[in-house]
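This note is written for a colleague who is meeting the structure for the first time. Please keep the sequence and the model in view while reading the points.

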Amino acid sequence: MTTAPTRRDRRISPVFLGIAAVTAVSGWAVWTEFSASTGFAVFLFVTSAWVVSLCLHEYAHARTALHGGDISVGARGYLTLNPLKYTHPLLSIVLPVIFVVMGGIGLPGGAVYIERGRVRGRWKHSLISAAGPLTNVLFALVCTAPFWLGATDGVPGPFLYALGFLALLQVTAAILNFLPVPGLDGYGVIEPWLSSKVRRQVEPLAPFGLLLVFALLWIPEVGGAFFDAVDAVLRGLGVDDWRTGLEYYRFWDGDPDPARVSP
């Protein structure tokens, strides 16, 4: 019998706290240029902050499900922010990090199992699905706050570039997650409002939805339109250059020439 989450079920995991600590220390190293390699410090900062955002994304799903009626999320460990408790740690943590390293894109991935039968009401089901990508939206707003608030004076250039690249990851993750494609959160938002016949017809496509999206992104016209949309969103948030942040992130290619870049 599943019981309501206990205080232990809600206790923040040391694993998450460790990742958050790496984010804080590496962010300080980028700000102060303490590291011998600024790029390596940017790599640690962005990667660990990205994993923190992935944890918060899944926590948002679980926490919203808890308030919607699914008390099983506590026993599953989802409320501890521990990424090792996720249903698919490989899909939700390892692959997103690999995609960032390879090309700089925020890969969405489902990781928490929600007992939907415990949740009553279509609005609650939709909100559970929307909670994750909305967390990415909020994270993007936090990352870009110095830009749209006009508070970049005195902030070191590498730190700003790192924030810009981290914002890119959040924006791409939010956009991809909100696509109404089976298997993604966007479809989960609209699914409760579809007829049972349509849901049965679409259900077999869910395991392949993300693959279909990435196959479409490989088409130059589609990929170009996608990144044009991402650029437009970032410019609207005050970020004009995230590519230099990617150059810093890929420290194995060497840090960008300081004479070539300026914040």
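1. Basis. This is a predicted model, in which local features need pLDDT of at least 70, side-chain atom pairs count only at pLDDT 80 or more, and totals for chains, interfaces and linings use all residues. Residues are numbered from 1 along each chain as its sequence is written, and side-chain values use heavy atoms, with hydrogens and water left out.

2. Salt bridges. A salt bridge is counted when a side-chain nitrogen of Lys or Arg lies within 4 Å of a carboxyl oxygen of Asp or Glu. By this rule there are five salt bridges. Asp-70, Arg-76, Glu-115 and Arg-118 are linked in a network of such pairs.

3. Between Asp-70 and Arg-118, the closest N and O atoms of the salt bridge are 3.8 Å apart. Asp-70 lies in the loop between helix 3 (38-68) and helix 4, and Arg-118 in the loop between helix 5 and helix 6, so this pair ties together parts that are 48 residues apart in sequence. Helices are DSSP runs (H or I, at least four residues), numbered from the N terminus. Arg-118 also meets Glu-115 in a salt bridge, with an N to O distance of 2.6 Å.

4. Accessibility of the paired residues. The classes used here are buried (under 20% relative accessible area), exposed (over 50%) and partly exposed (in between), with a 1.4 Å probe and protein chains only. Asp-70 is buried at 0%, whereas Arg-118 is partly exposed at 31%. Asp-253 and Arg-250 form a salt bridge at 3.2 Å, N to O; Asp-253 is exposed at 55% and Arg-250 is partly exposed at 24%.

5. Nonpolar patch. Patches are built from residues with over 30% relative accessible area and no salt bridge, joining like charges within 9 Å and nonpolar side chains (Val, Leu, Ile, Met, Phe, Trp, Tyr) within 5 Å. One nonpolar surface patch consists of Leu-134, Val-137, Leu-138, Leu-141, Val-142, Trp-148, Leu-149 and Phe-178, which together have about 740 Å² of accessible area; such areas come from the Shrake-Rupley method with a 1.4 Å probe, and for residues only the protein chains shown count as cover. Val-142 belongs to helix 6 (residues 122-148) and is exposed, with a relative accessible area of 56%.

6. Phe-178. Contact means heavy atoms within 4.5 Å. Apart from neighbours within four places in sequence, Phe-178 is in contact with Ala-130, Pro-133, Leu-134, Val-137 and Gly-186.

7. Positive patch. Arg-7, Arg-8, Arg-11 and Lys-85 form a positive surface patch. Lys and Arg count as positive and Asp and Glu as negative, while His and the chain ends are not counted; each charge is placed at NZ of Lys, CZ of Arg, CG of Asp or CD of Glu. Lys-85 is located in the loop between helix 4 (72-75) and helix 5 (89-103), and is partly exposed at 44%.

8. Which residues does Thr-80 contact, leaving aside its neighbours within four places in sequence? They are Arg-8, Asp-9, Arg-11, Ile-12, Ser-13 and Lys-85. Thr-80 is in the loop between helix 4 and helix 5 and is buried at 10%. Asn-82 is also in the loop between helix 4 and helix 5, is buried at 10%, and touches Ser-13 and Val-15, not counting residues up to four places away in sequence.

Notes
Helices (H or I, at least four residues) and strands (E, at least two) are DSSP runs, numbered from the N terminus.
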